[in-house]
Amino acid sequence: MTIKLLEHERIDELQRNGYRIIQNTQKFCFGMDAVLLSGFALAKKGERVLDLGTGTGIIPILMEAKTEGDYFCGLEIQADMAEMAARSVALNGLKEKIAIVTGDMKEASKIFGRASFDVVTCNPPYMSQNHGLKNPEEPKAIARHELRCTFEDVAREGAAVLRPGGRFYLVHRPTRLLELFRTMQNYHLEPKRMKFVHPYLTSEANMVLVEAFRGGRSQMRVEAPLVVYERPGVYTREIYDIYGY
């Protein structure tokens with residue numbers, strides 16, 4: 001299928017089912033955190049999945065390739081990013097399986113209705129408004145800093161659109177873990193599974209992957225850590241497997 005590319009756009013291979021994705025080099029391109037989240041999150045046969053703040057649409061596209069989920073939807077507040085993500089969906093012939101919706105995640109439950117999804121995923125901005133240097137380019141700033149939403153917005157709306165017993169998947173920074181857990185529990189999202197991501201075996205974790213259940217009981221399972229590099233420039237076997245190499 002021929003898809004028109006706009007200025008500064010390129011098409012990248014995803015190494016899954018022959019899928020490709022459009023990215024704009026002048027805006028925010030997806031990173032490893034989104035790919036790791038797509039490998040950590042589960043979607044079972046017949047389930048409906050919503051990705052909050054989908055950006056390029058990378059998580060719905062990869063999860064469609066990796067899981068048995070029935071329907072995937074990406075919600076994105078930036079109209080130009082949503083339009084680009086929709087072209088990636090069309091490029092891969094996935095319009096019957098994936099929808100891209102332009103809208104504010106703070107209003108997700110109004111847009112889609114309460115208890116309308118089995119699974120919610122989110123790779124939210126990591127930095128609060130009071131931390132870190134803000135990127136002068138708005139798309140990158142919105143992706144990295146809580147300018148358009150806070151984590152409380154993510155947890156509140158994620159819980160609202162989930163059916164009882166539904167699953168919420170998140171990638172974030174370990175430095176905010178206690179805050180994340182408190183906020184999720186305030187909205188009846190109970191953390192159940194967690195995996196830390198370390199750049200090297202001997203380095204501190206710089207990412208954490210979390211699975212929470214809406215209305216679940218208090219019990220946590222910490223999985224073996226994921227190490228990214230065996231040595232500088234060489235990924236571990238697990239990373240290659242997640243990427244599909």
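Author: A residue is called buried under 20% relative accessible area, exposed over 50%, and partly exposed in between, with a 1.4 Å probe and protein chains only. The model is predicted, so local features need pLDDT of at least 70 and side-chain atom pairs count only at pLDDT 80 or more, while totals for chains, interfaces and linings use all residues. Residues are numbered from 1 along each chain as its sequence is written, and side-chain values use heavy atoms, with hydrogens and water left out.

Reader: With which residue does arginine 163 form a salt bridge?

Author: A salt bridge requires a side-chain nitrogen of Lys or Arg within 4 Å of a carboxyl oxygen of Asp or Glu. For arginine 163, the closest N and O atoms of the pair are 3.9 Å apart, and the partner is glutamate 47.

Reader: How many residues apart in sequence are the parts that this pair ties together?

Author: Helices (H or I, at least four residues) and strands (E, at least two) are DSSP runs, numbered from the N terminus. Arginine 163 belongs to strand β7 (residues 162–172), whereas glutamate 47 is in the loop between α1 (32–40) and β3. Glutamate 47 is buried, at 7% relative accessible area. The pair therefore ties together parts whose separation in sequence is 116 residues.

Reader: What separates glutamate 83 and arginine 87 in helix α3?

Author: These two residues form a salt bridge, with their closest N and O atoms 2.8 Å apart. Glutamate 83 is partly exposed at 37%, whereas arginine 87 is buried at 11%. Both lie in helix α3 (residues 79–91), and because they are four residues apart, their separation is about one helical turn.

Reader: How many salt bridges does a search of the whole structure find?

Author: Side chains of opposite charge can pair when their charged atoms come close. For the whole structure, the search gives a count of 18.

Reader: Which side chain of opposite charge is nearest to aspartate 51?

Author: Lys and Arg count as positive and Asp and Glu as negative, while His and the chain ends are not counted. Aspartate 51 lies in strand β3 (residues 48–52). Aspartate 51 is buried and has no salt bridge; the nearest side chain of opposite charge is 13 Å away, in lysine 66.

Reader: Which side chain is joined to that of aspartate 51 by a polar contact?

Author: A polar contact is a pair of N or O atoms within 3.5 Å; within protein, one must be able to donate a hydrogen and the other to accept it, and residues adjacent in sequence count only if both atoms are side-chain atoms. At a distance of 2.8 Å, the partner of aspartate 51 is threonine 121.

Reader: Why is cysteine 122 too far from cysteine 149 for a bond?

Author: A disulfide is a pair of cysteine sulfur atoms within 2.5 Å. Cysteine 122 is buried at 0% relative accessibility, and cysteine 149 is buried at 8%. The closest cysteine sulfur to that of cysteine 122 is in cysteine 149, and the pair is too far apart for a bond because the distance is 6.8 Å.
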